[in-house]
Amino acid sequence: MTKKILFPISDGVEDTEFVSVADVLRRAGGDLIIASANPSTSSLRVVGEKNIRFEADNHITEVKDQKFDLIVIVGGDRNSETLSKCETLITMLRRQREEGRWIAALCSTPAIVLGQNGLLEGVRATCHPEELSKFIPDKSAIGERIVVSNNVITSKSAGTALEFACKIVESLFGKGCCDTIAREYLINCSC
């Protein structure tokens with residue numbers, strides 16, 4: 001069964017995290033919608049942290065009423081700050097949590113986007129850098145590379161992006177799909 005996935009990004013997105021996770025989710029067969037969360041709705045172009053240009057499928061305001069099996073967010077300082085202040089996204093993330101659907105957050109976004117907006121209550125989580133853990137209510141997992149807790153998947157950094165993406169695949173599509181992707185990439189992951 002196809003899974004509908006929203007991947008909101010904005011200027012300053014961490015390029016490696018975005019491309020790695022998007023690629024793995026598409027390989028797994030996810031119906032991935034990349035949405036610009038930039039304040040301007042006039043352009044779908046997003047410029048990554050390392051000045052790589054991406055083209056989003058939609059602006060987040062165009063998909064705000066849709067339901068998603070997963071909303072995934074990744075880091076980059078500017079991107080994290082923009083996403084944390086995007087009222088449309090925060091409303092969608094709150095609805096996602098209330099309805100028990102998946103959220104996945106990488107690097108600084110578990111703290112900056114989820115933690116600062118009260119979306120980690122009752123959730124064990126990790127983030128990077130660890131100084132941001134002040135925004136994580138349950139710090140018992142802060143040293144872990146990837147944490148799955150109450151339909152929220154969190155991970156540390158660009159260095160864990162492929163493992164993070166594999167954990168998402170395992171959670172949404174099952175262990176077999178995760179194993180296949182891990183073999184394709186020649187990586188060891190905990191599928």
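How many aromatic pairs does the ring rule give here? I got two, taking rings of Phe, Tyr and Trp (its six-membered ring) as paired if their centres lie within 6.5 Å, with planes under 30 degrees apart called stacked, over 60 edge-to-face and the rest tilted.

Ground rules first. I am working on a predicted model, where local features need pLDDT of at least 70 and side-chain atom pairs count only at pLDDT 80 or more, while totals for chains, interfaces and linings use all residues. I number residues from 1 along each chain as its sequence is written, and side-chain values use heavy atoms, with hydrogens and water left out.

**Rings**

I looked at F7 and F18, an edge-to-face pair with 5.1 Å between centres and 75° between the planes. F7 belongs to strand β1 (residues 4–9) and F18 to helix α1 (residues 15–27), so this pair ties together parts eleven residues apart in sequence. For elements I use DSSP runs numbered from the N terminus: helices are H or I, at least four residues, and strands are E, at least two.

Buried or exposed, F7? F7 is buried at 0% relative accessibility, and F18 is buried too, at 5%. My cut-offs are under 20% relative accessible area for buried, over 50% for exposed and partly exposed in between (1.4 Å probe, protein chains only).

F18 also pairs edge-to-face with F54, at 4.7 Å centre to centre and 75° between the planes. F54 sits in strand β4 (residues 53–55), so the pair with F18 of α1 ties together parts 36 residues apart in sequence. I noted that F54 is buried, as is F18.

**Charges over rings**

I found the charged end of K4 over the F68 ring, 5.2 Å from its centre. R27 lies over the face of Y185, 4.8 Å from the ring centre. The test is NZ of Lys or CZ of Arg within 6 Å of the ring centre and within 35 degrees of the ring normal.

**Cores**

Which residues touch the most other members of the largest nonpolar core? Among its 34 residues they are F7, F18, V21, L25, L70, V72 and I168. I take such a core as buried Ala, Val, Leu, Ile, Met, Phe, Trp, Tyr and Cys residues joined through side-chain atoms within 4.5 Å. Helix α6 (161–173) gives the most to this core, eight residues.

I then followed V21, whose contacts (heavy atoms within 4.5 Å) include F7, V72, L106, F164 and I168, leaving aside residues up to four places away in sequence. Another core of 30 residues lies apart, with I103, A105, L114 and L120 among them.

**Helix α3**

In α3 (residues 77–84) I list N79, S80, L83 and S84 as buried. They span an arc of only 130° around the axis, which puts them on the same side of α3; the arc is taken from the directions from the helix axis to the C-beta atoms. D77 and R78, on the other side of α3, are exposed. The cover over the buried residues includes β1, β6 (70–73), α4 (87–98) and α5 (109–114).

**T126**

Where does T126 lie? I placed T126 in the loop between α5 and β8 (146–149), and T126 is buried at 0% relative accessible area. Its side chain reaches the backbone oxygen of I142 at 2.7 Å and that of E144 at 2.9 Å. Residues that T126 touches include P110, I136, V147 and K156.

Terms used. A polar contact is a pair of N or O atoms within 3.5 Å; within protein, one must be able to donate a hydrogen and the other to accept it, and residues adjacent in sequence count only if both atoms are side-chain atoms.
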